[in-house]
Amino acid sequence: MKRHFFVHLVLLVTLMLSLAVPALARESKATVAANISTPSFQGQGPIDPVELETFLDDLFARQMAEYRIAGAAVSVVKDGRLLFTKGYGYSDIANRIPVDPERTLFRVGSVGKLFTWTAVMQLVEQGKLDLDADINTYLDFRIPDTYPQPITLKHLLTHTAGFEELYFEVLAMDEAELMPAREWLVSHMPARVRPPGDAAAYSNYGADLAGYIVARVAGQPYEAYIEEQILAPLGMTYSTPRSPIPPELRAHMSVGYMVVDGDFEPVPNFIGQSAIVPAGAHAASAVDMSRFMIAHLADDGAGDPSAAVTRILSESTVRQMHDTLYTPDPRLRGTVYGLFDISDNGRRTFGHDGDTLGFKAQLLLLPDENLGIFVAYNGEEADELTRQHFGFQRAFYDHYFSAPAVEPVQPPTDFVGRAGRFEGSYRMSRSAYTTLEKYRNTMEGAVEISNPGDGTLLVETPWGAWRFVEMEPLYFRQTDGGSALVFREDDRGRITHVFIDIAPQLAFEKMPWYETAGFNMGLVVICLLIFLSVIPVAVIRFVRSRRGADRNPAPRGAYATIVGVCVLNLLFVAGSVLWGEANLTPLFGISPLYRIVLGLGVLSAVLTAGALVYTAFAWKDSYWGVAGRVYYTVVTVAAVAFVWFLSFWNLLGWRF
């Protein structure tokens with residue numbers, strides 16, 4: 001089997017944890033919606049299984065051909081019954097095993113968090129958990145009191161606990177590297193970087209904590225609780241929360257694929273730390289997920305009265321879980337109990353996507369229609385298809401639910417003069433702040449807001465670009481759609497955040513100029529050019545000194561020091577290009593090789609201090625000519641700037 005560098009790169013930089021990066025935070029093709037949309041079907045959603053099969057057969061045929069996907073499965077529930085389910089393609093290409101919607105297991109990524117939130121709400125029903133209590137009440141270790149406000153289970157459910165994002169040592173390639181859940185949670189605890197409830201920032205660690213709390217309060221391992229209290233009652237016999245997959249289910253587990261050089265290749269094997277299972281290490285079949293959806297749509301006997309519904313939650317709890325639990329502004333869609341409000345085409349919708357290496361999934365619940373849809377793919381290239389509001393959801397909704405008309409609005413005549421306060425780059429709240437993973441902030445997830453001069457704001461995101469019109473102070477509506485955004489300002493009237501309801505699991509923080517990708521990339525390029533210039537200059541200086549042509553020669557250490565700084569910095573950059581990509585998203589930890597690269601930065605910083613001393617003496621004692629002194633000073637300033645760069649992005653030293 002081929003093992004190209006690309007295969008390993010994808011393994012290391014796919015933020016699987018479902019273990020997922022929120023789907024909206026990834027790069028998108030502008031054409032994805034157009035590619036898979038179909039003409040609007042006039043009706044009240046899917047009713048006729050025959051028509052539904054015709055539509056889905058065509059949709060999956062086009063999706064799987066365009067995106068090179070080996071297999072997929074779908075289940076649709078309506079009024080408490082399974083309306084339709086089907087498998088497409090192969091679960092195992094080599095052995096020509098077709099996808100069976102009842103028995104083929106797909107990894108569901110972060111869709112598995114819904115099992116964790118369901119378990120939490122079951123224990124709330126039993127009076128064993130209080131959603132408003134400090135989670136330290138239930139833990140056998142302590143979350144630091146960084147802020148006066150405690151973190152509660154409500155904060156975990158809505159991803160508003162205020163943790164930074166970390167991927168350090170989440171996965172392992174060897175079972176010997178696995179750690180007990182408590183030990184991992186304590187040693188890999190992310191910093192608290194904002195007060196709880198302040199803003200949403202999608203957090204796998206929060207779900208990990210919730211799963212650990214379930215296990216402690218229930219008095220049994222998380223996996224055993226899920227099996228006994230959710231899977232068994234619902235008859236989900238082809239589902240599991242266990243990783244690796246139990247032996248009795250391995251024959252039914254789909255292979256996950258990626259396309260390399262035009263060929264399907266199974267994704268490399270990996271093992272998740274046991275602590276991260278609650279965040280999305282589950283696997284399930286499409287039919288089993290239909291049973292789970294029916295349980296989450298069953299309130300007040302809605303739907304077909306003859307449909308037998310197995311309850312794992314009371315009617316009142318099901319209704320409660322469909323209430324908005326958090327939104328940064330009442331005019332925006334928010335988060336319910338573990339699901340995101342991704343309403344579309346005028347239809348109230350709660351959903352979640354899942355992303356793990358080689359598998360993509362999405363679950364959608366439309367409680368007003370008593371309708372649920374689950375879709376799963378076994379291809380890495382299906383990433384775009386499970387993105388909320390896009391991909392599968394876009395095609396399905398455009399076919400079954402006509403989009404409501406959007407009334408045109410005129411921009412305020414005086415807005416152009418005020419637009420400047422909103423312009424800038426906005427960083428995704430799901431970011432690292434205290435570790436070397438912070439550097440990823442310069443490369444992904446930013447929102448750019450600019451003034452096109454027509455009275456609107458142009459909002460460019462990783463998943464598309466739209467124009468918004470001011471409706472009220474700080475509140476804007478999309479010019480040609482149903483989305484809205486709200487800005488937040490501080491007590492001095494400065495814009496600090498933007499919240500976009502197309503992505504309720506995230507906030508975006510306005511970045512100062514020195515954090516923007518443009519500034520930092522420009523700084524690094526200029527520094528590198530200056531460092532490179534030292535090499536020929538040093539050679540010329542050496543030749544001239546051998547010939548005795550130097551006037552006002554400096555101590556030998558002066559040029560040796562600055563040459564050493566430049567060489568070390570160039571080696572640091574080269575090492576980061578070669579090995580840093582994987583280590584800046586350190587799912588498997590930091591490699592020994594990259595630890596050495598980080599050490600080069602430390603040594604360079606020490607020599608930079610020496611270069612500053614030599615710069616002072618160069619001017620005091622008139623080393624070289626004026627041009628030589630100016631050049632030495634410029635190189636030293638570049639070295640100092642590079643030290644600032646390394647320090648600011650947590651690359652100076654071993655910060656992980």
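Tutor: Begin with β4. Two bridges link β4 to strand β10 (residues 283–284), and the two run antiparallel. Helices (H or I, at least four residues) and strands (E, at least two) are DSSP runs, numbered from the N terminus. Two strands pair if DSSP finds at least two bridges between them. Phe 106 has Ala 284 of β10 as its bridge partner.

Now widen the view. β4 belongs to an open sheet of three strands, in the order β4-β10-β6, with antiparallel pairing. The edge strands are β4 (106–107) and β6 (239–240), and each pairs on one side only. In general, strands of a sheet pair through backbone hydrogen bonds, either parallel or antiparallel.

A word on the source. This is a predicted model, where local features need pLDDT of at least 70 and side-chain atom pairs count only at pLDDT 80 or more, while totals for chains, interfaces and linings use all residues. Residues are numbered from 1 along each chain as its sequence is written, and side-chain values use heavy atoms, with hydrogens and water left out.

Next comes the helix α4. Helix α4 (residues 113–125) packs on helix α7 (residues 204–218) at an angle of about 45 degrees, and their axes are 10 Å apart. Axes are lines fitted to C-alpha atoms, for helices over the stretch in contact, and angles run from 0 to 180 degrees between N-to-C directions. α4 and α7 are therefore oblique to each other. Angles under 35 degrees count as roughly parallel, over 145 as roughly antiparallel, 65 to 115 as roughly perpendicular and the rest as oblique. The crossing of α4 and α7 is left-handed; that is, the near helix is turned anticlockwise from the far one by less than a right angle.

Which residues make this contact? On α4 they are Lys 113, Thr 116, Trp 117, Ala 119, Val 120 and Leu 123. On α7 they are Asn 204, Gly 206, Ala 207, Ala 210, Gly 211, Val 214 and Val 217. Contact means heavy atoms within 4.5 Å. The residues where α4 meets α7 divide into eight nonpolar, four polar and one charged. Here Ala, Val, Leu, Ile, Met, Phe, Trp, Tyr, Cys and Pro count as nonpolar, Asp, Glu, Lys and Arg as charged, and the others, Gly among them, as polar.

α4 also packs on helix α8 (residues 222–234), at an angle of about 75 degrees and with the axes 10 Å apart. That makes α4 roughly perpendicular to α8. From α4, the contact uses Phe 115, Thr 116, Thr 118, Ala 119, Gln 122 and Leu 123. From α8, it uses Tyr 222, Tyr 225, Ile 226, Gln 229, Ile 230 and Leu 231. These residues of α4 and α8 divide into eight nonpolar, four polar and no charged. Thr 116, Ala 119 and Leu 123 of α4 take part in the contact with α7 and in the contact with α8.

Finish back at the sheet, with its edge strand β6. Pro 244 is found in the loop between β6 and α9 (247–250). The peptide bond from Ser 243 to Pro 244 is cis, with omega near 0 degrees.
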